[in-house]
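Trainee: Could you take me through this model slowly, feature by feature? I would like to learn how each one is read.

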Amino acid sequence: MTQDEAPKGAQATRRRFLSAAAVGGVAATLGPARAADLGAPGPGDPANLPPNVPDWSKYLGDGVAARPYGKPSKHEAHVVKRDVEWLTASRESSVNFTPLHELDGIITPNGLCFERHHGGIAEIDPADHRLMINGLVDKPLLFTMDDIKRFPRVNRLYFLECAANSGMEWRGAQLNGCQFTHGMVHCVMYTGVPLKLILEEAGLKPGASWIMAEGADSSGMNRSVPLPKALDDCLVAFRMNGEALRPEQGYPLRLVVPGWEGNMWVKWLRRIEVGDAPWMTREETSKYTDLLADGSSRRFTFVMDAKSVITNPSPQAPLKARGQNVLSGLAWSGRGSIRRVDVSLDGGRNWREARIDGPVLPMALTRFYADLDWQGEELMLQSRCVDDTGYVQPTKAELRAVRGVNSIYHNNGVQTWLVRSDGSCENVEVS
Ligand code: MTE
Ligand code: CO
C-alpha cells in the first residue's frame, strides 16, 4: 500500500487489508513449512535464481561515496510510518504510526518512530535554541545547547507510548493492523542529561513540588510533572539511537519521562518552570483525562500500565505457509520490567509461556516469540504480559468493567487477532 491509498474509514481499512492479503498470494503460497529443498524455486525471477548468475553478481555496485546517509533497501519501501486520514481534522495536529509488524528486536529505527504533533514539526536551528529554567529557583538560568552538552550525560533505553495508543479500540475492534491499533509506541536509546543536575544548578526554593515543561513548537505544548519524578529519572535528551534527535522527535532537545504517558515527553523543550502546584494545562485537564462511566474522571493518569501485542502474525502480516511459523510480539510496562508473557491460540482459554529474547530492561520494549505449528486451523491469537510488580495485563472486558467505554486514553487490554484458514488475520474481540 502506498501513502495515497491511506484508508478512508474503519470499514474501508478492513476491506482494503483483506483484499491486499488475498492479492498478495497468501493462499497460493500455502505449502510445507520448509520449501528450501533443492528444486523448489519459491518466489522470484527465474533469471536471478540458481543455477543462473543474478544481475547483482555481474556488475560493480555503487561506491562508498554514493550513499553518505544510508537508507534501507528499495525492496523495503513499504516499511513506513502511516497515518489514518479521517482520524484528525488536520495533518499538523495529528499522528502517524510505527510499523510494528515490520520490525524485530526492541529498538525502533529513528526514521520509523511514530510522530504525534499538536502544531506540526518545529524546524529549529540549534544555535537559536535556549532552555530556560525559572519559577521557584534560586537562579533563573538560560542554557544554550552547548551548555547542556557540558553536563555529565547518560544513555537510557525507554519506550514512549502515547496515552491515546489503542484509543480507537475502546468501544470495539476498529482498526485492522497492529500498526494502527498499537503503533503509537517507539523505543530508542536516549542520550541526555539527568533533569536533576539542571534543576540543582538552578537551585530549588522551598515549596518547589512540580515542574512545568514547555515546547517551542507552534502549539507551545506544556505539561506539569511532579518534582519527585523530575528528580528521579527524567532526562533532557538530545540524541536518539546515537545520532541527534530527529526534528519529528523534538530536535534539538526533548524531555524524557520514563514509563509515563508520551504527552508529558515535551519535544522542542524550551522552558522548565518550577512551582508548588500543577499548572492545570489543557493537556492535563480537558485532554489526557479519562471520562468514567459515571461521569467522573481520572486525572493525572501518568503511568503507562503493562501492555503487549502480537505483531506477527497480524492483519498487515498474514501467515504465508503452513507448518512451522514464528509468532512474535512486544510487551512493555511503565512500572518496571516485563517478567513474563503468555500467548493463547484459542482466544484466552489456554495459555503457554512465550520465549523472551533480547535485553529485558525497565520501561523499555521487550521482545517475545512463540513457535507456531499451523496446519490451517482458525486461531484466536492473544498475548498477555505480567510486569515485575506482579501487575497482569487485563482483558478488554475487565478494563471496560472498571473504566466504561468513554475513555480514549490508557487502553492496555489484551488484543485478539483472528487467523483464518487462508492465513489472513483480522482485528476481533472475544466475549
Ligand atoms: N511536545 C510538543 N512540544 N508538542 C507536541 O505536540 N506531543 C506529545 C509529546 N510531546 C507533543 C510534544 C505527545 S501527545 C506525544 S504522544 C509525544 O510527544 C510523541 O512523541 P513522538 O512524536 O516522538 O513520537
Ligand atoms: Co500522545
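Trainee: Which backbone atom lies 3.1 Å from a nitrogen atom of ligand 1?

Mentor: The model is predicted, so to speak, with limits: local features need pLDDT of at least 70, side-chain atom pairs count only at pLDDT 80 or more, and totals for chains, interfaces and linings use all residues. Residues are numbered from 1 along each chain as its sequence is written, chains are lettered from A and ligands numbered from 1 in the order written, and side-chain values use heavy atoms, with hydrogens and water left out. A polar contact is a pair of N or O atoms within 3.5 Å; within protein, one must be able to donate a hydrogen and the other to accept it, and residues adjacent in sequence count only if both atoms are side-chain atoms. Here a backbone N or O atom of Trp 265 lies 3.1 Å from a nitrogen atom of ligand 1, and a polar side-chain atom of Asp 217 lies 2.8 Å from a nitrogen atom of ligand 1.

Trainee: Where does ligand 1 sit?

Mentor: Rolling a probe the size of a water molecule over the atoms shows where empty space is left. On a 1 Å grid over the protein atoms alone, a cavity is a set of points where a 1.4 Å probe fits but cannot get out, and lining residues have an atom within 4 Å of a point. A molecule sits in a cavity if more than half of its atoms lie within 2 Å of its grid points, and ligand 1 takes the space of the largest cavity.

Trainee: Which peptide bonds are cis?

Mentor: Most residues other than glycine have a negative phi, and most peptide bonds are trans. In this model a cis bond joins Tyr 251 and Pro 252, with omega about 10°, and another joins Asn 312 and Pro 313, with omega about -5°. Pro 252 belongs to the loop between strand E10 (243-244) and strand E11 (254-256), strands being DSSP runs of at least two residues, numbered from the N terminus, while Pro 313 lies in the loop between strand E15 (307-312) and strand E16 (323-332).

Trainee: What is the phi of Trp 268?

Mentor: Trp 268 is not a glycine, yet its phi is positive, at about 50°; this residue lies in the loop between E11 and strand E12 (269-275).

Note on methods:
On a 1 Å grid over the protein atoms alone, a cavity is a set of points where a 1.4 Å probe fits but cannot get out, and a pocket is an open set with protein on both sides within 12 Å along at least five of seven lines; lining residues have an atom within 4 Å of a point. Helices (H or I, at least four residues) and strands (E, at least two) are DSSP runs, numbered from the N terminus.
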